[in-house]
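Today I open my notebook on a structure with several chains. I want to see how the copies sit together.

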Amino acid sequence: MIFARVIGTVVSTQKDENLNGMKLLLCKETDASGKPLNTYHVAVDAVQAGEGDFVLVAYGSSARMTDVTRNAPIDAVIMAIIDDVQLAE
Amino acid sequence: MIFARVIGTVVSTQKDENLNGMKLLLCKETDASGKPLNTYHVAVDAVQAGEGDFVLVAYGSSARMTDVTRNAPIDAVIMAIIDDVQLAE
Amino acid sequence: MIFARVIGTVVSTQKDENLNGMKLLLCKETDASGKPLNTYHVAVDAVQAGEGDFVLVAYGSSARMTDVTRNAPIDAVIMAIIDDVQLAE
Amino acid sequence: MIFARVIGTVVSTQKDENLNGMKLLLCKETDASGKPLNTYHVAVDAVQAGEGDFVLVAYGSSARMTDVTRNAPIDAVIMAIIDDVQLAE
Amino acid sequence: MIFARVIGTVVSTQKDENLNGMKLLLCKETDASGKPLNTYHVAVDAVQAGEGDFVLVAYGSSARMTDVTRNAPIDAVIMAIIDDVQLAE
């Protein structure tokens, strides 16, 4: 999974019907501390994430393993909102 | 999913029979604002996309999750045409 | 899918039995115009491709979606020989 | 699989319900000798790994092939703790 | 598939039970001529490969498509030992 921050929304009317009702969020990848990197990801939201949230994005077939995304033609899902990253001392 | 713009068509006569009837589109990757990058992708069209369209491309097994692409030996599909990318303020 | 040109053959005697009868081709990645890049791929041939052919290679689980490659432990397949890449004007 | 060292924990309350009970560990990729590289991975723990452990991380659909991670929307799992890497002489 | 040379063994006692009996080999990626590159891969051996062997490694779900690796949480398998790479003249 990768770290990202939600920074926007992708709007699409003409899309595969299996995407109906899904929220496509624009995410900017970050490092483990939440510092933004220069890579963007579009992921479907499975956890009611909102703009500004620090999240985890899962890629590949695993992106279809939530109730929201089952069988959809998508390769990335937001499956957790991060409260904290605790480093070992 | 990644951002791309459709810029052409790939023509193939000798191909796996599970590809029959599919449109292979040449896409140039872009950033979130639609600005072209230097990476190309060939993806099957599942949403009647045309040249110049700003689209989303999904990779991997998810590329087979549309009615158009079911069971086909392809690893990339255009599954949405983008109307707008809205950034948080 | 990625663009490539077939440039050779990989010969293997000691291999997984599910590979029996498959042709392992060495491919050099190209750009959309067929110009060679510096990346190599080994892919199983599903379309009777020959050396010099300009082809499309699909990666991942989709590589197993041809009659030739069903259930084989391979992650790349040549699933189309390219006649032409037509750019929008 | 890739080499990594466990360096922390990711805490998440609001997450997909299929993640309940799983431990999300922050891992820093290493080379074969355990020397840290600059890439981070978040992986689910399937082998009771703890902070400081030198581990193997598997990516993709294979990350769901443990009893702990079955059907979860995750793309990386720690599936082995490394005792030793023995180089040929 | 990628080219690699087997250069060592990864020893693990505490691992997912679906890995029991599998040999985890350390591989150094090579180019098509067998010249070593600077990337390492850990792959499960499905073809009785030994140290020094020039092999092909398949990634992703396809890594589980051998009798040895069925259903195991691993993302890379050695599925062929290379006798020769024949370049077109």
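This is a predicted model: local features need pLDDT of at least 70, side-chain atom pairs count only at pLDDT 80 or more; totals for chains, interfaces and linings use all residues.

Entry: symmetry. A rotation of 72 degrees, with 0.0 Å of shift along its axis, superposes chain D on chain A, and the RMSD is 0.0 Å. The two copies are therefore related as by a five-fold rotation axis. I also checked the surfaces. The copies use different ones: 11% of the contact residues of chain D recur in chain A.

Entry: the contact between D and A. How many residues of chain D are in contact with chain A? I find 27 residues of chain D in contact with 25 residues of chain A. On the chain D side, β1 (2–11) and β3 (36–45) each supply at least two residues. The largest share of that side, 5 residues, comes from β1(D). I sorted the side of chain D that touches chain A by class: 12 nonpolar, 10 polar and 5 charged residues.

Entry: strands across the contact. I followed β1(D) to its partner. Strand β6 (residues 84–87) of chain A is joined to β1(D) by 4 bridges, and the two run antiparallel. One position I noted: A:Leu87 stands opposite D:Gly8 in β1(D).

Entry: I looked up chain B with chain D and found no contact; their closest C-alpha atoms lie 10 Å apart. Chain B and chain E do not touch either, with their nearest C-alpha atoms 10 Å apart.

How values were computed. Residues are numbered from 1 along each chain as its sequence is written. Chains are lettered from A and ligands numbered from 1 in the order in which they are written. Copies are superposed by least squares on the C-alpha atoms of residues with pLDDT of at least 70 in both. Two residues are in contact if their C-beta atoms, placed from the backbone, lie within 7 Å. Ala, Val, Leu, Ile, Met, Phe, Trp, Tyr, Cys and Pro count as nonpolar, Asp, Glu, Lys and Arg as charged, and the others, Gly among them, as polar. Two strands pair if DSSP finds at least two bridges between them.
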